[in-house]
Amino acid sequence: MKYIIPPSVLHTGKTLLEAGFEVYLVGGCVRDLLMQKKPKDWDFTTNALPEQIQKLFPDSFYENTFGTVGIKVPEEISIDSSDRIIEITTYRTELGYSDNRRPDHIHFAKTLKEDLLRRDFTMNAIALSPLKNEIQDFYNGEKDIEQKIIRAVGDPNERFSEDALRMMRAVRFSSELCFSIEEKTLQAIQKNASLLKNIAKERIRLELERILLSPHPSEGIEMLEKSDLLQYIIPELREGIGVSQNLHHTYTVWEHNLLALKTCPSKKLSVRLAALLHDVGKPRTKKGDGKFATFYNHDHVGARITREILKRLTFPREIVEHTTLLVDQHLFYYNVEEVTESAVRRVIARVGLENIKDLIDVRIGDRLGSGVPKAKPYRLRHFEYMVEKVSHDPINVKDLKINGNDLTQTLTLKPGPKIGAILDVLLGEVIEDSSKNTKEFLLERARKLESQEIETLRHTAKSRIEEQRKKDEDFMKSKYWVK
């Protein structure tokens, strides 16, 4: 088979060969070429020492102790971002892994076979001579790729004790490539799973992100559980294993969460996280058993649990906030015959117009994950229609047709907290009836409110908003109590 390799990569290999060194492409780029995929980056291994590599490539950098030199490719011969930086690493062996992550000692090796022995999986331990177009495969990685198998190089227990993150990488490759994990390799992961406690949360989070964004995220999460790794990543999710639900569900909480992730249409990380975690609060809120079991407030409890999980795993703040919001609001109630425009406006006010599509995607995963055949029933489509219809209606004070300056110019009041209190009262009225959002009506109404004490105004605004919210909550619970 002839492999398509960019000119910049061929030029790099040719330079090393002409200087009398051995050189091979290795790792993920070779695996991708064998699978007829476009490599994301290019890595060489060679018997040349780092200082010898730098002499051949003046525009390079060597900022580590692992024998890896980065080569900067000139823009005129680079084809895209995949070959802007080419890494060249000297053959090496590694000794001692006291932190289960990095080698204590690095020794440069003499042969390619020694170098490939230190790598994680056979599919990543294949070398390709870029100019001769010849494969060097000492550990049968090409055969494992053909059979779609993830197998550790050599003794899997040694490979995972060297770098415990490799266990998550095996699961990630499984979900990304739709490969199965070879039995001895899987058994070694189960045996060494506790070593994951030694890995930094940031590195665990990065692997988890890639699993969730893979083509088969639910299978990846299921494999984390099967391999005994999930207990060291999201133990709260495991609380749903074996927890039955009620008459609207044929699946356990655990099964439902996995199916919700599997059927969620979004490719956004925060939305997929929300689909996976949307019912994480159910086990802690379950009352009763059988078809009449209840899970009151599991959405809010789940939101708190979700925030704890994501903060522990060092997710960025915007991911934490967005995911938590979606989990907290995923139970919004909507019935075409019963919900008014003002109720839709309150949903928008709570969630944010920019988050409505994401919320609907979580709801679709929730529905399909419950075993219903239709992802988007008429009432959900009607909700989208209503959102678009009222999206220009006021949902906070800044959307009112008047502002504080209008009030100070019209009323006898000076700028101060009472102006804000009056605006809050007006907002409460406009949320109920958007037709009132005219400058004339609001100014006239403000004149009538001017004489009231500020505490009375605040109480009026707060009680009205809370009253409407309480009605929404009670109505939702009475209609959705089985959830």
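## The loop holding N297

N297 is found in the loop between α14 (282–285) and α15 (298–312); helices (H or I, at least four residues) and strands (E, at least two) are DSSP runs, numbered from the N terminus. Phi of N297 is near 65 degrees, a positive value in a residue other than glycine. At 38% relative accessibility, N297 counts as partly exposed, where buried means under 20% relative accessible area, exposed over 50%, and partly exposed in between (1.4 Å probe, protein chains only).

This is a predicted model, in which local features need pLDDT of at least 70, side-chain atom pairs count only at pLDDT 80 or more, and totals for chains, interfaces and linings use all residues. Residues are numbered from 1 along each chain as its sequence is written, and side-chain values use heavy atoms, with hydrogens and water left out.

## Other positive phi values

Q36 lies in the loop between α2 and β2. Its phi is near 60 degrees, again positive in a residue other than glycine. Q36 has 65% relative accessibility, so it counts as exposed.

A positive phi, near 70 degrees, also belongs to D228, the residue that follows α10.

Helix α10 covers residues 217–226, and seven of its ten residues are buried, so the helix is largely enclosed by the rest of the structure. The buried residues are P217, S218, G220, I221, M223, L224 and E225.

Helix α21 (residues 417–432) has 16 residues. From first C-alpha to last it reaches 23 Å, close to the 22 Å expected at 1.5 Å a residue; the expected span is 1.5 Å times one less than the number of residues. Its buried residues are I419, A421, I422, L423, V425, L426, L427, G428, E429, V430 and I431.

## T263 in helix α12

T263 lies in helix α12 (residues 253–263) and, at 25% relative accessibility, counts as partly exposed. The side chain of T263 reaches the backbone oxygen of L259 at 2.8 Å.

Leaving aside neighbours within four places in sequence, T263 is in contact (heavy atoms within 4.5 Å) with I364, G365, L368 and G369. L411 is 148 residues from T263 along the chain, and the two C-alpha atoms are separated by 56 Å.

## The largest pocket

The largest pocket has a volume of about 1,600 Å³. On a 1 Å grid over the protein atoms alone, a pocket is an open set of points where a 1.4 Å probe fits, with protein on both sides within 12 Å along at least five of seven lines; lining residues have an atom within 4 Å of a point. Grid points are joined across faces, edges and corners, and the volume is the space filled by probe spheres set on the points.

The pocket is lined by 46 residues, of which D43, E87, R119, D120 and R169 lie nearest its centre. Elements giving two or more residues to the lining include β2 (43–46), β5 (85–90) and α9 (201–212). The largest share, seven residues, comes from α7. By class, the lining has 15 nonpolar, eight polar and 23 charged residues; Ala, Val, Leu, Ile, Met, Phe, Trp, Tyr, Cys and Pro count as nonpolar, Asp, Glu, Lys and Arg as charged, and the others, Gly among them, as polar.

## E87 in strand β5

E87 is found in strand β5 and has 37% relative accessibility, so it counts as partly exposed. Apart from neighbours within four places in sequence, E87 is in contact with W42, D43, F44, T68 and V69. The C-alpha atoms of E87 and T45, 42 residues apart along the chain, are separated by 8.4 Å.

How values were computed
Polar contact = N/O pair within 3.5 Å; in protein donor to acceptor, adjacent residues only side chain to side chain.
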